[in-house]
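This briefing is meant for a reader meeting the structure for the first time. It begins with a question and then moves through a few topics in turn.

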Amino acid sequence: MFELIVRYEYDENQEWKETLEVKDEVEYILNEGLGTTGNGACFEGSLKAGRVSFVNYVVDVEKAITTINQELKKTASIEGRELAFFLEADGEYISLDRKGRTAK
C-alpha cells in the first residue's frame with residue numbers, strides 16, 4: 001500500500017471548534033470513500049500551522065485521488081480550497097500534480 005497525504009490550508013483565525021469539526025468531517029468522508037471502493041482508508045487527520053493533513057493508505061494512487069476529489073464534493077466545508085497530494089517514497093514525501101485538484 002502507498003501512503004498518500006492529502007493537505008489543504010485553513011484560516012488560523014477560524015474558531016478552533018469549527019476547524020476540528022471540518023477536519024473530522026473530511027476525515028470521515030475520506031475514510032468512507034476509500035473504504036467503499038476497497039482502495040484504502042484514511043488513517044488520521046492532523047492540524048498544524050494553518051494546514052490540515054490526512055494520512056491515507058491506498059492501493060491505487062490515481063484511483064484514490066479521483067475518489068477523494070469525488071467524495072469531497074459532498075461537503076461545502078472545504079469548497080474552493082486547493083488540495084495538495086503527497087506520496088511517501090523512500091522515507092520522503094514527493095508532491096504530486098495539483099492541476100485540477102481543487103475541492104468544488
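Predicted model: local features only at pLDDT ≥ 70, side-chain atom pairs only at ≥ 80, totals over all residues.

**Surface around Tyr57**
- Tyr57 counts as partly exposed because its relative accessibility is 30%, a value that lies between the limits of 20% for buried and 50% for exposed.
- Together with Met1, Phe43 and Val59, Tyr57 forms a nonpolar patch on the surface, and the accessible area of these residues together is about 450 Å².

**Nonpolar core**
- The largest nonpolar core consists of 23 residues, and those with the most contacts inside it are Leu4, Tyr8, Val26, Phe54, Ile68, Leu72 and Phe85.
- Two or more residues of this core come from each of β1 (2–9), α1 (16–37), β3, α2 (61–72) and β4 (84–89).
- Phe54, when neighbours within four places in sequence are left aside, is in contact with several residues, including Leu4, Tyr8, Val26, Leu30 and Cys42.
- In soluble globular proteins, nonpolar side chains tend to be buried together.

**Loop between β2 and β3**
- Ala49 is found in the loop that joins β2 (40–48) to β3 (51–58), and it counts as exposed because its relative accessibility is 67%.
- Although Ala49 is not a glycine, it has a positive phi of about 50 degrees.
- Most residues other than glycine have a negative phi.

**Hairpin of β4 and β5**
- β4 pairs with strand β5 (residues 92–95) in the antiparallel sense over four bridges, and Glu88 stands opposite Tyr93 in β5.
- Two residues lie between β4 and β5 in this hairpin, where Asp90 in the turn has a positive phi of about 55 degrees.

Technical notes: Residues numbered from 1 in each chain as written. Heavy atoms only, no water. Buried < 20%, exposed > 50% of the residue type's maximum accessible area, 1.4 Å probe, protein only. Core = buried A, V, L, I, M, F, W, Y, C linked by side-chain atoms within 4.5 Å. Contact = heavy atoms within 4.5 Å. Patch = residues over 30% accessible without salt bridge, like charges linked within 9 Å, V, L, I, M, F, W, Y side chains within 5 Å. Areas by Shrake-Rupley, 256 points an atom, 1.4 Å probe, with all protein chains shown as cover. Salt bridge = Lys/Arg side-chain N within 4 Å of Asp/Glu carboxyl O. Pairing = 2+ DSSP bridges.
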